[in-house]
Amino acid sequence: MKNIMAGLQQTNSEKILLSWVRQSTRNYPQVNVINFTTSWSDGLALNALIHSHRPDLFDWNSVVCQQSATQRLEHAFNIAKHQLGIEKLLDPEDVATTYPDKKSILMYITSLFQVLPQQVSIEAIQEVEMLPRSSKVTREEHFELHHQMHYSQQITVSLAQGYERTSSSPKPRFKSYAYTQAAYVTTSDPSRSPFPSQHLEASEEKSFGSSLMETEVNLDSYQTALEEVLSWLLSAEDTLQAQGEISNDVEEVKEQFHTHEGYMMDLTSHQGRVGSVLQLGSQLIGAGKLSEDEETEVQEQMNLLNSRWECLRVASMEKQSNLHKVLMDLQNQKLKELNDWLTKTEERTRKMEKEPLGPDLEDLKRQVQQHKVLQEDLEQEQVRVNSLTHMVVVVDESSGDHATAALEEQLKVLGDRWANICRWTEDRWVLLQDILLKWQRFTEEQCLFSAWLSEKEDAMNKVQTTGFKDQNEMLSSLQKMAVLKTDLEKKKQTMNKLSSLHQDLLSTLKNKSVTQKMEAWMENFAQRWENLVQKLEKSSAQVSDTSYHTMNY
C-alpha cells in the first residue's frame, strides 16, 4: 500500500482502497461503491470485486440471481476462504445490515487487496475525489450517530434465540428479534432553502470565480465558463428527470430518498460555480467594453442561467419534499400494520395461555403444532420489523428533539410489545417441548409396565396350587412362584420410576383433569401390583402347606 501511495503521490490509504474497488467493479452495473459501509450490505460489491480479478472462480449471473444479501455474502466469504486463502473474518449477518461496521469492512477489503492485483490509476483516484463531499454530510453523520447511541439504550430490544429441542444440540427455531432504532436526517425547512433563490452574485463560494478573476475578464473566458456550467446544469436536469416516479415500497423509497440527498448535495456543491458565472457576466457588462448586442446577449444568457438554476432548485426541493411525505406515509403505514398485528397476536397468545395443556397426549401434540404456526407468523412479521430498523425522519433543525419525542415513545411502546410476544413465544415453546418429552417418556414406561403386569398376572393365574398328582408337580409350582417373586422384586424399581415420572409430569403440566386421570392410572397399577403380590404370597403359602402335610403323611 505504501509503495502504491508513494507512486501516486497520495497519503490517504482509504482513498486508495476505494479507488481500487471502484476501478475493479466499474464494469458491473449493479455495483456502485461510494463508501465502506452501506455500499457492501447487499453482497453484490464483494462478489463483483472478487469476480473482476478472478472470473474463473464463479458465474456472476448466478450471484445476481441469489435471493438474499446474506446468501451473496456467504458465497463471497466462502470463495475468498477456499480460493484466496482469506479467513472468514466476518459473518454475513454482520454486513447485511443497514449500517455495517466501517472498520470491519476496511479490514476485510484490505485482506482482499493484499492477495488480488493492485493496480490503481490516477483517473480512479480523481473519480473518488469527485464523489460528493460536503460539510453538511459531516454534521448529519454526527447528528445521526448521536441519536443512534441515544436510542440504542431506549428502543433496541434484543432477545435470546428461540430453540427447538432435537435429538442433537439445540438449533435456532427462529431468529432473535431485535426491535428498531430510529435514525434521523436533518434538513432545513423548505421555506429556508439550502440554495439562494435570488441571483447568485453574492455566493460565498468564490473559488471558481476568483480563479477567473485572476485572469483578464473577457468575453471568451466568460463564454467558456458559461458553457461548462450549462453543460453541468443540463446533466443535473437529466439526472433529476431520470430519478423517475416515487416507488410505493418503503425500502425502495428509502433508497430513493438517500439517492436524492446525494443529488441535493451535488447541487449545493455547484451553486458557487453558477454564482461565479453570473458575477463574471455582471462584471463584463459593468466594464462597458461590450457592444450593445453583446451586452444584450450576455444579459439574456445570465437571465436564462439564473432561471434554469431556479427551476432546478425548486424542482429538486419539491422532489425532496414529496419523497419525504411518501416515505413518512409508508413508514407510518408500516407502524400501523405492526400495531394491528401486535394487538391481534396479543389476543391470540392470551387465548393460548388460558387453554389448559392436554388433557391427552394427542391434544398436547396439537397444541405444539399450533405453537409452531405462531412461530412461523413471527418469522414473517420479522420482515416488517426489519423494515423499521432504520427509520428516516426529516425534521427541522430548530425543533428536532421535540419532533422526534413522540416517535421515540411510539417506537419504544411497540418495541416493548414486540419483545413481550417474542419472549412469551420462546418460553412457551421451551415449556411445551419439556412437557411433551416427559409425557412421551411416561406413556412409554406406562405401556411397558402395563404389558409386563398383565403378563405376570396371566402367569400367576396359570400356576397350579391344588390337586397335585405327585411331588414334582408341587415343586414345579413352587419354583414358578419363586421366579415370579424374584421378578416382582426386580420390577419394584420400575414401579418407583413410573411414579417419579408421573409426579414430575404433573408438577410441570398443572392440569387438574390430567392429574385426576393419571392418579387413576397410578392407583390402578398400585392395586394390580398389590393384588399380584398378595395372591403370590397366599398361593406360595398354600402350596408350601400342602407340601408339608404330604411329607408328614
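Reply: Helices (H or I, at least four residues) and strands (E, at least two) are DSSP runs, numbered from the N terminus. This is a predicted model, in which local features need pLDDT of at least 70 and side-chain atom pairs count only at pLDDT 80 or more, while totals for chains, interfaces and linings use all residues. Residues are numbered from 1 along each chain as its sequence is written, and side-chain values use heavy atoms, with hydrogens and water left out.

Gly358 counts as buried because its relative accessibility is 6%, buried meaning under 20% relative accessible area, exposed over 50% and partly exposed in between, with a 1.4 Å probe and protein chains only. If neighbours within four places in sequence are left aside, Gly358 is in contact (heavy atoms within 4.5 Å) with Asp363, Leu364, Gln367 and Trp439. The C-alpha atom of Gly358 also lies 9.8 Å from that of Ile435, a residue 77 positions away along the chain.

Two packed helices are described by the angle between their axes and the distance between the axes. For H13 (residues 292–354) and H14 (residues 361–387), the angle is about 160° and the axes are 11 Å apart; axes here are lines fitted to C-alpha atoms, for helices over the stretch in contact, and angles run from 0 to 180 degrees between N-to-C directions. That angle makes H13 roughly antiparallel to H14, given that angles under 35 degrees count as roughly parallel, over 145 as roughly antiparallel, 65 to 115 as roughly perpendicular and the rest as oblique. H13 passes H14 in a left-handed crossing, a term that applies if the near helix is turned anticlockwise from the far one by less than a right angle, with clockwise giving a right-handed one.

On the H13 side, the residues that meet H14 are Lys334, Glu337, Leu338, Trp341, Thr345, Arg348, Thr349 and Met352. Their partners in H14 are Gln370, His371, Val373, Leu374, Asp377, Leu378, Glu381, Arg384, Val385 and Ser387. Sorted by class, this contact of H13 with H14 holds 7 nonpolar, 5 polar and 6 charged residues, where Ala, Val, Leu, Ile, Met, Phe, Trp, Tyr, Cys and Pro count as nonpolar, Asp, Glu, Lys and Arg as charged, and the others, Gly among them, as polar.

H13 has a further helical partner in H12 (residues 250–287), with an angle of about 160° and axes 10 Å apart. H12 is therefore roughly antiparallel to H13, and H12 passes H13 in a left-handed crossing. By class, the contact of H12 with H13 is made up of 20 nonpolar, 11 polar and 4 charged residues.

Another helix pair, H3 and H7, can be set beside these. The axes of H3 and H7 come within 11 Å and cross at roughly 10°, which means that H3 is roughly parallel to H7. Leu46, Leu49 and Ile50 of H3 make this contact with Tyr108, Ile109 and Leu112 of H7, and the residues involved divide into 6 nonpolar, no polar and no charged.

H3 itself is mostly covered, with 8 of its 10 residues buried, and what covers these buried residues includes H2, H4, H5 and H7. One of the residues of H3 is Asn47, which counts as buried because its relative accessibility is 0%. Not counting residues up to four places away in sequence, Asn47 touches Phe58, Trp60, Val63, Arg72, His75 and Ala76. Thr25, in helix H2, is in contact with Val31, Ala45, Ala48 and Leu49, again leaving aside its neighbours within four places in sequence.
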